[in-house]
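Okay, thanks for coming, everyone.

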Amino acid sequence: MRLRGIQFIYDNQGRKISAVVDLRRYEKEFAVFLQELSKKRSGGTTTNTNPVIGDTTDVVGSGGNNSGSTVNARKLKIDALLKTARSYYGVPYRTGGISRSGMDCSGFTQTSFKAIGLNLPRVSRDQALIGQSVAKSQLQPGDLVFFATGTPGRINHVGIVTDASNPDAIRFIHASSSRGIMETSMGINYWVRAYIKARRVV
């Protein structure tokens with residue numbers, strides 16, 4: 001049974017609608033959201049604004065008040081994605097694998113994204129065709145990064161960005177053919193030479 005939290009909200013036209021949160025997946029984040037909302041109300045603020053849960057969510061309502069608590073659904077999805085991906089640390093590499101007994105690179109990304117409700121193609125070269133193109137300088141956690149580790153220019157490897165705080169050493173998690181699921185830096189010369197492109201699907 002899926003546990004859900006339902007928050008009634010109002011859109012810009014004053015119509016009452018509801019947002020549904022999967023509490024099994026986002027229980028902690030939803031609890032923080034409720035605490036922040038409670039603090040806002042106990043602070044003496046009287047307004048009929050309510051938070052809209054969405055990709056770029058803000059508090060909306062009469063008067064254009066955007067000062068309240070925000071819930072960013074995209075960030076929640078990416079946090080869940082990376083939590084799932086990191087849960088596979090140490091899983092060995094296995095060609096064609098999509099389970100904890102063994103995974104290849106595209107099987108790993110496909111399985112990780114499936115956990116947040118996104119279905120990716122099975123192989124890396126097809127995964128490189130979906131979503132939006134992203135410049136290397138604009139990479140963010142959750143982005144897919146593609147490499148050519150065999151034939152020059154031919155995509156045969158994929159990983160998921162985990163940390164883009166240092167542009168010169170962006171970190172990503174992937175299925176290494178020699179070490180299994182692991183995290184490494186794109187700043188290493190091997191990956192600098194092999195890098196082809198990036199796509200954003202969340």
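So, to start: does Glu 183 count as buried or exposed? Buried, as it turns out, because its relative accessibility is 17% and the cut-off for buried is under 20%. Keep in mind that this is a predicted model.

Now, what does Glu 183 pair with? Glu 183 makes a salt bridge with Arg 171, and the closest N and O atoms there are 3.8 Å apart. These two sit in distant parts of the chain, Arg 171 in strand E10 and Glu 183 in strand E11, 12 residues apart. Arg 171, for its part, is partly exposed, at 31% relative accessible area. And Arg 86 comes in too: salt bridges with shared partners tie Arg 86, Arg 171 and Glu 183 into one network.

Staying in that strand, have a look at Thr 184, which is also part of E11, residues 180–185. Thr 184 is buried, at 9%. Leaving out residues up to four places away in sequence, Thr 184 touches Ile 170, Arg 171, Phe 172, His 174 and Trp 191.

Back to charges for a moment. Searching the whole structure turns up five salt bridges. One of them is Arg 122 with Asp 104, at 3.1 Å from N to O. Here again the partners come from distant parts of the chain: Arg 122 is in the loop between H3 and helix H4, while Asp 104 is in the loop between strand E6 and H3. Arg 122 is partly exposed at 28%, but Asp 104 is buried at 9%.

Then there's Lys 75 with Asp 79, whose closest N and O atoms are 2.8 Å apart. That pair is about one helical turn apart, because the two are four residues apart in helix H2.

Which brings me to H2 itself. H2 has 14 residues and spans 20 Å from first C-alpha to last, close to the 20 Å expected. At its start, a side-chain oxygen of Asn 72 comes to within 3.0 Å of the backbone nitrogen of Arg 74. The buried residues of H2 include Leu 76, Ile 78, Leu 81 and Leu 82.

Last stop, the inside. The largest nonpolar core has 23 residues, and those touching the most other members are Phe 108, Phe 113, Leu 144, Ile 160 and Ile 181. H2 gives the largest share of this core, five residues. Apart from it there's another core of 12 residues, including Leu 139 and Met 186.

That's my tour, so over to you for questions.

Conventions. Residues are numbered from 1 along each chain as its sequence is written. This is a predicted model: local features need pLDDT of at least 70, side-chain atom pairs count only at pLDDT 80 or more; totals for chains, interfaces and linings use all residues. Side-chain values use heavy atoms; hydrogens and water are left out. Buried means under 20% relative accessible area, exposed over 50%, partly exposed in between (1.4 Å probe, protein chains only). Contact means heavy atoms within 4.5 Å. A nonpolar core is a set of buried Ala, Val, Leu, Ile, Met, Phe, Trp, Tyr and Cys residues joined through side-chain atoms within 4.5 Å. The expected span of a helix is 1.5 Å times one less than its number of residues. A polar contact is a pair of N or O atoms within 3.5 Å; within protein, one must be able to donate a hydrogen and the other to accept it, and residues adjacent in sequence count only if both atoms are side-chain atoms. A salt bridge is a side-chain nitrogen of Lys or Arg within 4 Å of a carboxyl oxygen of Asp or Glu.
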